[in-house]
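Let's take a friendly walk through this model, with a few helices, a sheet and a domain layout along the way. Please keep the viewer open as you read.

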Amino acid sequence: MGKVYLIGAGPYDEELISLKAIRVLKKCDVVLYDRLLNKSILKHLRDDCKLYYCGKESGSHYKTQEEINDMLVEFAKSGYTVGRIKGGDPYVFGRGSEEALRLLDEGIEFEVIPGITSAISALNYAGIPITHRKIAQSFHVFTGKSAGELSHDWSVIAKLNGTIVFLMGLESIEDIVNNLMINGMDKNKSCAVVSNGTSARQRVVVGQLENISKKVKQEEIKSPAIIAVGDVVKFREKLNWFENKKLFGKRICITRAKEQSKEFREKLLDLGAEVVEANSISIKNLSSNLDDYIDKIMMSNIIVFTSTNGVDIFFDYLVSKRIDIRKIKAKIACIGEKTEEQVKKRGIFPEIVSKEYVGEALFEEIKNHLSGKEVVFLPRAKDARPFLKDALLNSGCTVYEVPIYEAVEEEAIDIDLSDVDYFTFTSPSTVKNFIKLYGKECLVNKKIISIGPITKKELEYLGLDSFMANKYTVDGIIEKILELEG
Ligand code: SAH
């Protein structure tokens, strides 16, 4: 018998999920999720985890609660570890308790992992604290679904002094505010509607009870949205930290390998952007190719690294073969400072470093160390540009080039690229594979950033214009985006 985890995934921002949820997601064999989920959260799953979408797919219908319950039961009875991912908190209007009761009835083990509810966090991201000393000493969360038929006692709600929040209330907003006003709430009471809170699409409308529903219609505010009523709404003017971030509202697509994108992603998130990962390549380790070259490594005069990946794969290989790095007498050459940093982490301080991340610049540096009889070892990506090898050979060096990794094509994932603001490319292979996986159409009329001249050229070859980073690193890409945003 398997087990079911009902997992709160938070409101949307991919980092508003708990450590426990992430740990548990890694265990799941099967995951069920629905419409509002930020797909970025799925990156915590194992590659072999099976995904089931419970929302509406074109041509089919929404799964009913009963059908979802049946699926949970069936999967658990087949022995799977099942994750049921829910937006916000599973027990806040999420029907999590119904699912838990059904599991209990069936004798299936379950755990419920709390999530950050939109009721509080979407307000926070809109600059609205749900409580404030002396101004809101309580908060009250209601469902606003079909408010006309709800059994709420509006005469009681209208008297509450705390912040009043309605979930699922956008369609009935007129009924909601009318009910409050009819029952004596001040028509000038502050209100806010926060749509798509914590995401790049966050939109906020502020008004008073008497005009909020009109404003919401004028601004064409879309669901999911929460409605908040109370004086705390006025803090938005001062506490709007999220929307003031430099890249708030921007969706930025990363196409490089998942293994390489952590730092890039985190920097973008820090700047308030939403990151869409459409990894087009993954890194395949080919370090066993080094098996025949160990003596060549030892006799080399220079070992050249042209990527941080290459550094890690090379030194991990040496460790796995129990080769002491003190046996290596070669000078170390690195392309750019990131590659240099990665070598330093291995306790080695490279003698030769180029400023720029291109083979030409690196060769210029290496040249100063050549007399013409050097043995140069070049562990790098399969199908790397021949320039560096050729230039070294032409200088009279003996060159051993060994492919120690390969950028292989990723699989396409089900992801919405339509409202991406920036597509970023960090190598020609990301360009080629991205277009193979997702087509060229999604790039047309979009801002494209290339990391450097080689990648820019690849895009041009395919008829696509791009802005090129001034510094050929992901920091350079970020600087370029910030520059374009003014
Ligand atoms: N369990 C969820 C709520 C599920 S009900 C939670 O704890 O947040 C669905 C409703 O939640 C939506 O109709 C909307 O009112 C609200 N909601 C969910 N995500 C939201 C978001 N990112 N921004 C604003 N409202 C959101």
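Helices (H or I, at least four residues) and strands (E, at least two) are DSSP runs, numbered from the N terminus. You are looking at a predicted model, so local features need pLDDT of at least 70 and side-chain atom pairs count only at pLDDT 80 or more, while totals for chains, interfaces and linings use all residues. Residues are numbered from 1 along each chain as its sequence is written, and side-chain values use heavy atoms, with hydrogens and water left out.

**Domain layout**

The protein divides into domain 1 (3-116), domain 2 (120-239), domain 3 (251-280 + 410-485) and domain 4 (283-409); such bounds come from an automatic or database domain assignment. Taken over C-alpha atoms, the centres of domain 2 and domain 4 are 60 Å apart.

UniProt, in an unreviewed entry, lists residues 263-479 as "domain: Tetrapyrrole biosynthesis uroporphyrinogen III synthase". UniProt positions are given here in the numbering used for this model, feature names are shortened, and annotations may be inferred rather than shown by experiment. Over residues 263-479, the chain is 36% helix and 23% strand, with the end C-alpha atoms 14 Å apart.

Helix α2 (residues 65-77) has 13 residues and reaches 18 Å from its first C-alpha to its last, close to the 18 Å expected; the expected span is 1.5 Å times one less than the number of residues. Which residues of α2 are buried? They are Gln65, Ile68, Asn69, Met71, Leu72, Val73, Phe75 and Ala76. Here buried means under 20% relative accessible area, exposed over 50%, and partly exposed in between (1.4 Å probe, protein chains only). The cover over these α2 residues includes β1, β2, β3, β4 and α3, where contact means heavy atoms within 4.5 Å. After α2 comes Gly79, with a positive phi near 95 degrees.

In helix α9 (residues 262-270), the buried residues are Phe264, Arg265, Leu268 and Leu269. They lie on the same side of α9 because they cover an arc of only 130 degrees around the axis, the arc being that of the directions from the helix axis to the C-beta atoms. Lys262 and Asp270 are exposed on the face of α9 turned away from its buried side. Among the elements covering the buried residues of α9 are β11, β12, β19 and α17. Just after α9, Gly272 takes a positive phi of about 95 degrees.

**The five-stranded sheet**

An open sheet of five strands runs in the order β12-β11-β19-β20-β21, with parallel pairing. β12 and β21 stand at the edges with a single partner strand each, so one side of each is left without a neighbour in the sheet. Two strands pair if DSSP finds at least two bridges between them; β11 and β12 are joined by four. Two of the bridge partners are tabulated here.

| Residue | Bridge partner in β12 |
|---|---|
| Arg251 | Glu274 |
| Ile254 | Glu277 |

Both faces of β12 are covered, with Glu274 and Val276 buried on one side and Val275 and Glu277 buried on the other.

**A lysine in α14**

Lys389 lies in helix α14 (residues 387-394). At 26% relative accessibility, Lys389 counts as partly exposed. Leaving out residues up to four places away in sequence, Lys389 touches Leu378, Arg380, Val399 and Glu401.
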